[in-house]
Amino acid sequence: MEQWVQSCRRELLDRCLLWNERHLRHALREYEQFYNRHRAHQALAQATPLRPAPDPITDPERIGDLNIHRRDRLGGVLTCCLNPL
């Protein structure tokens, strides 16, 4: 839990100006979803807690066909890169 709190503070709270409790709760919900579904974790071999890491792409033809979409969350404070293959 301590690591989550440190990550949340460093990646979210130190970068946002929060207006009230409602805004804080919204930001924390967004960060929780980002942390569990999109943010890579070194301890999990760059996977996320709720999704396993995909198999590495070694075929050069597949590398050229990657379709990566960037989605900003919380006005760009958090950024998710999605690769739907």
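This is a predicted model: local features need pLDDT of at least 70, side-chain atom pairs count only at pLDDT 80 or more; totals for chains, interfaces and linings use all residues.

Biologist: What makes the meeting of the Asp-14 and Arg-9 side chains a salt bridge?

Modeller: Their N to O distance is 3.7 Å, and the limit is 4 Å, so the pair qualifies. Both Asp-14 and Arg-9 are exposed, a word that stands for over 50% relative accessible area, with buried under 20% and partly exposed in between (1.4 Å probe, protein chains only).

Biologist: How many salt bridges does the structure hold?

Modeller: There are 2. Glu-21 and Arg-25 form one of them, at 2.7 Å from N to O.

Biologist: Why is Glu-21 called exposed, and what does Arg-25 count as?

Modeller: Glu-21 has a relative accessible area of 51%, so it is exposed. Arg-25 has 48% relative accessibility and therefore counts as partly exposed.

Biologist: How far apart are Glu-21 and Arg-25 in helix H2?

Modeller: They sit 4 residues apart in H2 (residues 21-37), which means a separation of about one helical turn. Helices (H or I, at least four residues) and strands (E, at least two) are DSSP runs, numbered from the N terminus.

Biologist: What makes H1 and H2 roughly perpendicular?

Modeller: The axes of H1 (residues 2-13) and H2 cross at roughly 115° and come within 11 Å. Angles of 65 to 115 degrees count as roughly perpendicular, under 35 as roughly parallel, over 145 as roughly antiparallel and the rest as oblique, so that label applies. The axes are lines fitted to C-alpha atoms, for helices over the stretch in contact, with angles running from 0 to 180 degrees between N-to-C directions.

Biologist: Which residues make the contact?

Modeller: Contact means heavy atoms within 4.5 Å. Among them are Trp-4 and Leu-12 of H1, and Leu-28 and Phe-34 of H2.

Biologist: And the whole protein: how many helices and strands?

Modeller: The protein has 3 helices and 2 strands, in the order α-α-α-β-β along the sequence. Of its 85 residues, 20% count as buried.

Methods: Residues are numbered from 1 along each chain as its sequence is written. Side-chain values use heavy atoms; hydrogens and water are left out.
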